[in-house]
Amino acid sequence: MRISFPADDEGDSTNQPRLTFDDEFDSGNLKTVAESQRADDKYLLYIRPDAFGTEFQQRYTTWFHFRVTNAVPGMPLTFVIMNMAPSKMFSLGFRPVYRNNGTNNEWRPIPSPTTNKRIPKRYNSATDEEVPAQLHLTFTWTPDGGETYFAYCYPHSYTDCQTMLDGLEHKYTSRSAIEFHRELMIASVEGRRVDLVTVTSKGGNTGEEEARIPGLFPGAGPRPPRFDKPVVLISARVHPAETPGTHILNGALHFILSMDPRASLLRSRYVFMFVPMLNPDGVCRGHYRTDSFGRNLNRYYGTATREEQPTIWAMTALAAHLQETGNRLHTYIDLHAHANKRGCFMYGNHFDDDALQLETMLLPRLVAMNSADFDFDGCCFSAKMMSASDKAGMSRTGTSRVGMAPFVATPMAYTLEANYYISRSVNPVRPVAGVDPGTPLGRPRPYTPAVWGEVGRGVLLALLDYHCKEPDVAKLSRVSSRPSHATLDGVRESIRCHVANRKRKKTSKRGSASNTDVEDDEDD
């Protein structure tokens, strides 16, 4: 979409460059723009729904990403997003982000506050259709020259992903201390790459190459060596607009490739596999939640086919292979974003066996010890959230954490959700002498790619804490440095006490359950 003002038929005789809006780039989304009839320099913008103009069109109008050119420097413009899906975040101060190619090439929140007006659900008699509730989101921007991009949240497009992976591949493929291997796992329906990145140390090499899996890895190049270590598999962007998940994954990936001594210890103990973008078609098309056929791919684990949902089929095939060749898949984490519930938190699966349930809760508790912005109290492990239907009527039995669980050798299969805007609380994180200054107890802070990246690092450090008794890890583990409960068993006991206290509060104050027990309003 590209539209300019004044319009062609308005007879502009000044020959001045015309103010232009467009979304003609990777991850762009803008359906149309109109000038306000009530005020000068005010423009009404409309988001394009997922799979717009096809038989698969969906209701989602949240993600926007557009470019403005030829704006007059110093002359304020007002934008109103007319069909925004309602969200609690805007009442908390959430602002879209922007960057300018000339003066500020880094994404940052727009400088002016937003205003929002909720339009209730209504009936359109002309079309005989119900119109869902919408939000009119208004903000003002003063141009300073050049091209300026605006987006719902900090973007990371398919092109950005490929550029990042190209750079890492060039830097690390020949590096002697780190095993780095990037390969095409499968192509999407529209032919885009879905990459698998493997990172570990050179130790533990069995001398064999990983086997070729039927239907996967179509490239002619070699597969990575096989290592005698447990595998940690991390994926992101099954929902295209959930860019916080990408920034968490990028933080984890850059940390595990770093020279931090803890990263070296992790590489010596695990093989890390990253799938950075599960829905590249939806990302490129600027969708919020679906692929190019309007499907929520995080409802197809267990039923995906290679022809219709190849990326999900590939994930399941990879996990099945790891199980069949030594039950090697130790942990699986799928990274998402959440538009309502504040903070970063996990959905884990429910087990009737108390010991298994405790182990499911242990990793999130360790993440909270290593990440200031991870909210253990916000985590959910309920049985209901393994099968409950979402707002579209689809069962969560098809989510990644449920569908991938049978292939994981431990109870550790999760969805990690990150709010688009802000934390609910901030954990004090203990320093690690000579390596990490930690984080003092503080107030909730707005999220940025750097903050989400710290959460990704915290997830990996939590995995290192499983080895806290080992001499080379003990001095770098936050479990070992605790003033009390300085063992994994001590952490388990603290979880038991936490759950017991929550149950007592729930009993004494009926109707207010722990966040670790209840379901939330969407996502996963």
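## Salt bridges and a buried serine

Glu24 is partly exposed, since its relative accessible area is 47%. This residue belongs to a predicted model, and its side chain meets that of Arg2 in a salt bridge, with N and O 3.4 Å apart. The pair links distant parts of the chain: Arg2 sits in strand β1, while Glu24 sits in the loop between β2 and β3 (32-35), 22 residues away.

Arg2 also forms a salt bridge with Asp22, with an N to O distance of 3.8 Å. Here the arginine is in strand β1 and the aspartate is in strand β2 (residues 19-22), so the bridge ties together parts that are 20 residues apart in sequence. How accessible are the residues of this pair? Arg2 counts as partly exposed, at 49% relative accessibility. Asp22, in contrast, is buried, because its relative accessible area of 1% is under the 20% limit for that class.

The general idea behind such pairs is simple. Side chains of opposite charge can pair when their charged atoms come close.

Another salt bridge joins Arg401 and Asp524, whose closest N and O atoms are 2.9 Å apart. Arg401 lies in helix α8 (residues 400-403) and Asp524 in the segment after α11 (488-508), so this bridge ties together parts that are 123 residues apart in sequence. Are these two residues buried or exposed? Both Arg401 and Asp524 are buried.

| Salt bridge | N to O distance |
|---|---|
| Arg2 and Asp22 | 3.8 Å |
| Arg2 and Glu24 | 3.4 Å |
| Arg401 and Asp524 | 2.9 Å |

How many salt bridges does a search of the whole structure find? The search finds 31. Salt bridges can also join into a network, and one such network links Asp166, Glu169, Arg182, Arg193 and Asp195.

Is Ser4 buried or exposed? Ser4 is buried, because its relative accessible area is 16% and the class takes in values under 20%. Which residues does Ser4 touch, leaving out those up to four places away in sequence? They are Arg18, Leu19 and Thr20. With Thr20, the side chain of Ser4 also makes a polar contact of 2.8 Å.

Technical notes: Residues are numbered from 1 along each chain as its sequence is written. This is a predicted model: local features need pLDDT of at least 70, side-chain atom pairs count only at pLDDT 80 or more; totals for chains, interfaces and linings use all residues. Side-chain values use heavy atoms; hydrogens and water are left out. Buried means under 20% relative accessible area, exposed over 50%, partly exposed in between (1.4 Å probe, protein chains only). A polar contact is a pair of N or O atoms within 3.5 Å; within protein, one must be able to donate a hydrogen and the other to accept it, and residues adjacent in sequence count only if both atoms are side-chain atoms. Contact means heavy atoms within 4.5 Å. A salt bridge is a side-chain nitrogen of Lys or Arg within 4 Å of a carboxyl oxygen of Asp or Glu. Helices (H or I, at least four residues) and strands (E, at least two) are DSSP runs, numbered from the N terminus.
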